[in-house]
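I set down each item as I looked it up.

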Amino acid sequence: MAFLELKNVSKSFGGLSVLKDINLSIEKGEFVAIVGYSGAGKTTLISMIAGLLRPDSGNVTLNDLEITAPGPDRGIVFQNYSLLPWLSVYENILLAVDQCFPNWSAAKKTEHVEKYIAMVNLTPARDKKPRELSGGMRQRVSVARALAMDPQILLLDEPLSALDALTRATLQDEVSRIWEQNHKTVVMITNDPDEGIYLADRIIPLTAGPGATLGPSLKIEIPRPRDRKAINHDPHFKELRKRVIEFMLDSKGHRHAAIAKKLVLPEIEPEDLSIPHTFVNRRRVPLRRGEIKRETVEVDS
Amino acid sequence: MNQSALKKIDWLLLPMIGVAVVVILWAISSATWAKELPSPLKTWQTSKSYILEPFAKRGEMDQGILRFTWYSLILVAKGYALALIIGTPIGFFLGLSKPFAKTFDPIIQVLRPVSPLAWLPLGLVLFLSAGKNASELGALFTIAICAMWPTVLNTAVGVRAIPQDYLNVAKVLKLSRTKTLFKVLIPATLPYMFTGFRLSLGIAWLVIVAAEMLTGRPGVGGFLWQEYNALIYEHIILCIVTIGVVGFVLDRLMSLVERRFKTA
């Protein structure tokens with residue numbers, strides 16, 4: 001029996017289908033990356049696993065229990081960090097620890113929080129406010145907060161996509177190192193196939209939206225620890241990368257045709273430049289069709 | 001001339017030029033078209049004793065100007081506190097609950113522009129049975145009801161502007177309602193709340209003068225009205241200047257507090 005399971009999950013917003021027939025099963029201790037275009041519904045997918053959204057049809061189960069609401073058993077790292085700006089690094093993590101382990105003594109909580117701050121190498125920034133930290137540091141706080149909750153599963157929603165390339169690489173190594181320490185079940189959403197292949201056990205492409213669905217699941221059989229430089233020459237890496245990208249491009253190709261049919265004309269009525277513009281005889285300025293209040297109908301007598 | 005000296009001119013000399021221009025216009029006006037308007041010099045001579053002995057008490061309505069200011073400030077403080085205590089929770093409810101907002105927003109929009117001069121008689125009537133305290137309670141009622149609107153509206157806007165991210169954090173952590181309120185909602189709304197508090201303080205100070213004028217309580221406004229009736233016009237100007245300076249100082253103090261609470 002799979003640890004996390006999504007069965008025929010669909011979700012639409014305002015009549016527009018975002019995700020369709022999502023089937024996914026993840027074993028305990030597995031690191032799965034889901035890669036897709038921005039706007040394809042990746043965040044919607046992870047929000048449903050987190051319980052922030054409910055699927056329209058199908059169900060999401062963790063340990064055979066249906067997920068109906070968010071909870072601290074699923075640690076989530078949001079794309080935009082979601083740290084509370086009025087709390088320091090320590091307080092942000094403590095808020096989570098307080099909530100997950102209410103029976104611990106204050107000393108034990110402090111020790112626990114500090115352990116995770118150290119794990120993401122932020123001990124010197126312990127008492128800083130989020131606005132005093134760089135994007136990469138903020139995201140590390142967010143990771144530490146999620147891990148400190150000791151969740152059954154860690155959900156990473158494009159955690160590194162707002163960062164510059166160098167910081168991103170450093171944090172990828174850090175995520176990889178932390179994962180090797182505790183082997184938590186991880187679902188990571190990303191828009192970068194390389195990142196997914198470098199970090200995960202399995203990579204699944206998501207087709208382009210609307211109505212996105214998961215593509216074939218590709219097993220990544222590159223031994224750990226992986227070497228960032230060597231991996232680029234690994235034939236298996238190249239092959240996976242090619243398959244993921246090709247699959248995504250193909251799905252996008254189909255999409256283009258579908259979208260072209262839905263093209264809506266702009267509602268601006270342009271200015272007629274052929275009429276000379278003089279002080280007396282003013283040319284009509286461009287206007288929105290929606291703002292036209294009077295319509296003139298000319299009838300031949 | 002170096003840079004810092006130039007800066008000093010900017011914020012010290014230029015405002016003084018502004019004051020001088022107004023005083024000169026005042027002097028010209030009192031000498032030409034407004035014969036009843038006391039000249040600046042005369043105003044100073046007549047008001048001197050009130051300014052130089054600011055805490056003197058010669059009689060109920062004949063006290064140093066700071067003593068009057070002190071009475072006014074105490075009344076404002078009480079009414080303002082009342083406005084915040086009532087206004088902040090109303091603002092929170094308006095921001096949190098759509099049905100609540102739909103129910104009460106129209107009536108708030110109708111009551112908000114009503115002048116303090118209109119509320120005061122109602123306040124006096126409400127507390128008629130309080131006898132001796134009727135004027136104080138009526139004034140408090142007026143200050144509270146006029147000053148609370150900016151707090152109510154700004155708090156409501158602040159609550160609605162809380163980023164979904166923060167609420168998601170609260171949901172994922174399964175924070176209880178009270179914990180969400182104190183750990184997320186209130187801190188996230190504080191900057192907006194303080195903008196409201198500052199605007200409310202400005203209004204409270206506006207209202208106090210009107211309230212004192214109508215009730216005849218000792219204070220800057222009461223003194224102003226009494227001196228108008230006693231035909232000592234110099235003291236009207238003294239009161240206007242005092243009210244303005246105090247209002248300015250209050251606003252500055254509040255903006256310092258406000259800046260302290262600006263997050264991110």
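Entry 1. I note at the outset that the model is predicted. For chain B I looked up the secondary structure and found ten helices and two strands. Read from the N terminus, the order of elements is α-α-β-β-α-α-α-α-α-α-α-α. The C-alpha trace of chain B spans about 70 × 65 × 35 Å along its principal axes.

Entry 2. I then turned to helix H8 of chain B, which covers residues 177-215. A straight helix of 39 residues would span 57 Å, but H8(B) spans only 45 Å between its end C-alpha atoms. Where does H8(B) have a kink? I found a kink of about 55 degrees at Leu190(B), shortly before the proline Pro191(B). After H8(B) comes Gly216(B), with a positive phi near 70 degrees.

Entry 3. Next I looked up how H8(B) lies against helix H10 of chain B, residues 233-260. Their axes come within 9 Å and cross at roughly 165 degrees. Angles over 145 degrees count as roughly antiparallel, and H8(B) and H10(B) are therefore roughly antiparallel to each other. Their crossing is right-handed.

Entry 4. Which residues make the contact? On the side of H8(B) I listed several, among them Phe194(B), Phe197(B), Arg198(B), Leu201(B) and Trp205(B). H10(B) contributes residues including Ile243(B), Gly247(B), Leu250(B), Asp251(B) and Met254(B). By class, the residues of this contact divide into nine nonpolar, four polar and three charged.

Key
Residues are numbered from 1 along each chain as its sequence is written. Chains are lettered from A and ligands numbered from 1 in the order in which they are written. This is a predicted model: local features need pLDDT of at least 70, side-chain atom pairs count only at pLDDT 80 or more; totals for chains, interfaces and linings use all residues. Axes are lines fitted to C-alpha atoms, for helices over the stretch in contact, and angles run from 0 to 180 degrees between N-to-C directions. Helices (H or I, at least four residues) and strands (E, at least two) are DSSP runs, numbered from the N terminus. Angles under 35 degrees count as roughly parallel, over 145 as roughly antiparallel, 65 to 115 as roughly perpendicular and the rest as oblique. A crossing is left-handed if the near helix is turned anticlockwise from the far one by less than a right angle, and right-handed if clockwise. Two residues are in contact if their C-beta atoms, placed from the backbone, lie within 7 Å. Ala, Val, Leu, Ile, Met, Phe, Trp, Tyr, Cys and Pro count as nonpolar, Asp, Glu, Lys and Arg as charged, and the others, Gly among them, as polar. The expected span of a helix is 1.5 Å times one less than its number of residues. The bend at a residue is the angle between axes fitted to the seven residues ending there and the seven starting there.
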